[in-house]
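Hi everyone, thanks for coming.

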Amino acid sequence: MTYSAAENRYETMPYRRVGRSGLKLPAISLGLWHNFGDDKRFEEQRAILRRAFDLGVNHFDLANNYGPPDGSAEANFGRHLKDDFTPYRDELVISTKAGYYMWPGPYGEWGSRKYLLSSLDQSLQRMGLDYVDIFYSHRPDPETPLEETMGALDHAVRSGKALYAGISSYTPEQTLEAARILKEMGTPLLIHQPSYSMLNRWTENGSPNLYETLDQVGAGSIAFSPLAQGMLTNRYLNGIPADSRAAKERFLSESALTEEKLSRVRGLNAIAEGRGQTLAQMAIAWILREQPKGSPVTSALVGASSVAQLEDTVSAINNLDFTSEELTAIDEFAVESDINLWAQK
């Protein structure tokens, strides 16, 4: 059946300006890290993407190695674009990234100019696009000069293959230097994509911390893994289901689900129930909460394994306000839990 987007798709989703740029992102964006590779039925993927866009989620985030197998999420997304979203391309923000392992040899990962620009060309081919809206350095490279990595992002923008440049999992110090280099080249840093959740609060540490640094350089942020790889849902309140990510050891291990951490999750769940929200909804709302200088997070990047899960998560936008008493209660349980898989070693 031919897809026709809902006419009211922009009526309820809040859109937030990315730093000091002219771009706005939906408060909730859809990440295709999981559930869009060849291990997921194409029709199920299509239903999730269509429903997301109908709900005002017009930002889809990918990376070169999303799958499985690597690259299949972009290839599948390219098919969905062709089938359903070609008329809406100018309404979409499509991002991709390169930095993690993608192919054998010395040029198949990290941050060299050769890898980043070759990867971008491959991503565009897989998705059938002339350009992406945001191209990210997926992780800092400890051996490649930052000038080379940022130079590749600058070239991607100047060549018209990307509209904006972003970085992911960079420290505040690296972010400041990356922004300086890009500014000198004439391509501003648009956005940083860090992991951030109630149980992973590294972005709030340091002076200046990451959000203060981003405010200083005029960049926005989009938080990935806001549900702590599923810990901040109702999945693990009463044990580890056999079909869960933890049981399958997919970026969340059973050993990580200690009783101490689960007790924190149960405490947060009780607060969510008092707010009339699911734990996942409250976790997303907390990411997007207003602070004295406004919300430092432009958008929360979520995944979805089904339309029902997507709808539940997006419903977080119906209650983004917290009382001071709620925030104090949350801070009792929302403490650093050593689950940042992307921390620099």
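Let's begin with Trp286, which sits in helix H8 (residues 279-287); helices here are DSSP runs of H or I with at least four residues, strands are runs of E with at least two, and both are numbered from the N terminus. Before going further: this is a predicted model, where local features need pLDDT of at least 70, side-chain atom pairs count only at pLDDT 80 or more, and totals for chains, interfaces and linings use all residues. Residues are numbered from 1 along each chain as its sequence is written, and side-chain values use heavy atoms, with hydrogens and water left out.

Is Trp286 buried or exposed? Its relative accessibility is 1%, so Trp286 counts as buried (buried is under 20% relative accessible area, exposed over 50%, partly exposed in between, with a 1.4 Å probe and protein chains only). Not counting residues up to four places away in sequence, Trp286 touches Tyr196, Ser197, Met198, Arg201, Glu204, Phe322, Leu327 and Ile330, where contact means heavy atoms within 4.5 Å.

Now to Thr96, in strand E5 (residues 93-98). Thr96 has 0% relative accessibility and therefore counts as buried. Leaving aside neighbours within four places in sequence, its contacts include Glu74, Ser123 and Met127. Thr96 and His138 are 42 residues apart in sequence, yet their C-alpha atoms are 8.8 Å apart in space.

Two packed helices are described by the angle between their axes and the distance between the axes. The axes of H2 (residues 72-85) and H3 (residues 113-127) come within 7 Å and cross at roughly 40 degrees; axes are lines fitted to C-alpha atoms, for helices over the stretch in contact, and angles run from 0 to 180 degrees between N-to-C directions. So H2 is oblique to H3 (under 35 degrees is roughly parallel, over 145 roughly antiparallel, 65 to 115 roughly perpendicular, and the rest oblique). Which residues make the contact? From H2 they are Glu74, Ala75, Phe77, Gly78 and Leu81, and from H3 they are Ser123, Arg126 and Met127.

Last stop, the second largest pocket. A pocket, on a 1 Å grid over the protein atoms alone, is an open set of points where a 1.4 Å probe fits, with protein on both sides within 12 Å along at least five of seven lines; lining residues have an atom within 4 Å of a point. Of the 24 lining residues, the closest to its centre are Tyr211, Asp215, Gly294, Ser295 and Pro296. H6 gives the largest share of the lining, four residues. Thanks, everyone!
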